[in-house]
Amino acid sequence: MAFAWRAANVSYLQYSQICARAVRNSLKNEQRLVAQKREEQGLKFAKWANGKQGELNPVVAEVKSA
């Protein structure tokens with residue numbers, strides 16, 4: 001017996017993201033806002049020099065308008 005997500009031709013990662021989105025959308029407003037904040041991810045980088053870490057800088061994705 002195949003798993004439902006395999007039968008739908010999606011990867012397990014895609015399946016888990018769909019499930020997580022459905023759960024977040026079913027929450028009440030207060031809990032939904034907290035969950036959506038937790039959903040956001042950020043990436044920071046720092047330059048190293050002489051064995052010491054420099055300042056952490058966030059990486060901002062460019063949003064292109066069509």
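**Asking about the terms**

Modeller: Let's start with Asn57, which touches Leu43, Lys44 and Phe45, leaving aside residues up to four places away in sequence. Keep in mind that this is a predicted model, where local features need pLDDT of at least 70, side-chain atom pairs count only at pLDDT 80 or more, and totals for chains, interfaces and linings use all residues. Residues are numbered from 1 along each chain as its sequence is written, and side-chain values use heavy atoms, with hydrogens and water left out.

Colleague: How do you know what counts as a helix or a strand?

Modeller: They are DSSP runs, numbered from the N terminus: helices are H or I with at least four residues, strands are E with at least two. The protein chain has three helices and four strands, in the order α-α-α-β-β-β-β from the N terminus on.

Colleague: Why is Asn57 called partly exposed?

Modeller: Buried means under 20% relative accessible area, exposed means over 50%, and partly exposed is in between (1.4 Å probe, protein chains only). Asn57 has 30%, so it's partly exposed.

Colleague: And why is Arg24 called buried?

Modeller: Its relative accessible area is 18%, which is under 20%, so Arg24 is buried. Arg24 lies in helix H2 (residues 12-26) and touches Arg32, Ala35, Gln36 and Glu39, not counting residues up to four places away in sequence. Across the 66 residues of the protein chain, 5% count as buried.

Colleague: What makes Tyr12 and Tyr15 a tilted aromatic pair?

Modeller: The structure holds one aromatic pair. Tyr12 and Tyr15 are 5.9 Å centre to centre, with 45 degrees between the planes. Rings of Phe, Tyr and Trp (its six-membered ring) pair if their centres lie within 6.5 Å; planes under 30 degrees apart are stacked, over 60 edge-to-face, and the rest tilted. So this pair is tilted. Both residues lie in helix H2, three residues apart, about one turn of the helix.

Definitions and conventions: Contact = heavy atoms within 4.5 Å.
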